[in-house]
Amino acid sequence: MSGISVIVPVYNTEKYLSRCVDSILCQTLEDFELILIDDGSTDLSGTICDEYAAVDHRITVIHQKNMGQAAARNTGLDSALEKEDCEWIAFVDSDDAVHPQMLELLYKKISGTSEKTVAGDCLLFHGAEAPTSENVREDSVKTVSMLPEEFYVGCPYLETVSWGKLYHRSCFESIRYPEGKMHEDRFVTYKIIFSLSSVLHIEYPLYYYFHNPDGITKSRWKPGRLTAFEAFSEQLDFFEKNGYKAAEDSTAYHSAIVLRDQIRELEKTGEYRKYLGIMRKMMRKHLKKYRSHPHMGLTETPSFYTAAYPQIEMAYSVLRPVRKIIRACSGFRV
């Protein structure tokens, strides 16, 4: 037996849920448990889960009141880990899909080794249909063992998200997702990665990430999205204390990008503008500490500084027409 439990938190994704579940049920490795956590859905998602469970014995459905994605993940973890035959855990988000050989390749690459986590690459898609999957020979897929910091810096997206991986159950013996917080995987995934001696990476897209325009992180800005910077702060403190300079630099740059984009988003709306001052103060503090970062200087990324200091943006807007006049009159670039 493979001893794999696949956990899918479900909340109001009736439009995409069948696509997700079907992609899991058609896995070439058939011996697994699928745990669907209906987190208080108000659409037909819960009914769809029950319909699948009625025709496939591998499916367990748990209905709970809406408590958020972190709580749903934790419910799934508790259900999986109470079973002695559960050795491996995977997460799939309910609006995404997976390659039909994902579980087989992840399992074959890690079983028989001392590794505790293996990750495949991901492929972004936008349409109603998931990407067409080709059959893959195991020996044609390159797999590398990476140090935690190598994986964190060298595998964008994978270093933060819960999905696309197969974890040994021991990875979750003393850790759970922070309930009540958005961006819950930012608080957890790096802790698991840096608790390991190495991470296996399969250089092939096994997870299909759907760019959902209705997803939590794509919806209109709300204060809960500030928890991303709480997670970034925790990561930066951890990397600084433990001497992971490359990981710290990567996180500093990424957090600056997210903060800049959220500031720009708020500047265009009439909502929550009281948070602009808080976010600009965060950005100024960030730039002061990491101004020596190779990609965060004023000349390299001025958008960081105009987001932090709106007066710079105002100066640019005033000077722009003057520069055009000077160029027109002199023929020189200013």
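How many of the nine residues of helix α4 (residues 102-110) are buried? Eight of them are, so helix α4 is mostly covered, where buried means under 20% relative accessible area, exposed over 50% and partly exposed in between, with a 1.4 Å probe and protein chains only. Helices here are DSSP runs of H or I with at least four residues, strands are runs of E with at least two, and both are numbered from the N terminus. The buried residues of α4 are Met102, Leu103, Glu104, Leu105, Leu106, Tyr107, Lys109 and Ile110. Just after α4, Gly112 takes a positive phi of about 85°.

Before going on, a word on the model. It is a predicted one, in which local features need pLDDT of at least 70 and side-chain atom pairs count only at pLDDT 80 or more, while totals for chains, interfaces and linings use all residues. Residues are numbered from 1 along each chain as its sequence is written, and side-chain values use heavy atoms, with hydrogens and water left out.

Let us stay with backbone angles for a moment. Most residues other than glycine have a negative phi. Asn12, which is not a glycine, has a positive phi of about 50°. Asn12 is found in the loop between β1 (4-10) and α1 (17-25), and its 29% relative accessibility makes it partly exposed. His183 also has a positive phi, near 55°. This residue lies in the loop between β8 (165-168) and α6 (189-193), and at 14% relative accessibility His183 counts as buried.

Now turn to helix α9 (residues 274-290). Its 17 residues, at 1.5 Å a residue, should span 24 Å, and the end C-alpha atoms are 26 Å apart, which agrees; the expected span is 1.5 Å times one less than the number of residues. Buried in α9 are Tyr275, Leu276, Met279, Arg280, Met283, His286, Leu287 and Tyr290. They cover an arc of only 135° around the axis, which puts them on the same side of α9; the arc is taken from the directions from the helix axis to the C-beta atoms. On the other side of α9, Lys274, Lys281, Lys285 and Lys288 are exposed.

Ala256 is in α8 and, at 0% relative accessibility, is buried. Beyond residues up to four places away in sequence, Ala256 touches Met283, His286, Met296 and Phe304, with contact meaning heavy atoms within 4.5 Å. Ala256 and Phe304 are 48 residues apart in sequence, yet 7.1 Å apart in space, C-alpha to C-alpha.

Grid points are joined across faces, edges and corners, and a volume is the space filled by probe spheres set on the points. The structure holds one cavity of 30 Å³ or more, and the largest cavity has about 40 Å³ of space. Helix α8 gives the largest share of its lining, three residues.

The second largest pocket holds about 350 Å³. Of its 13 lining residues, Ser233, Leu236, Met282, Lys285 and His286 are the closest to its centre. Helix α7 gives the most to this lining, with six residues.

Notes:
1 Å grid on protein atoms, 1.4 Å probe; cavity = no way out; pocket = protein on both sides within 12 Å on 5 of 7 lines; lining within 4 Å.
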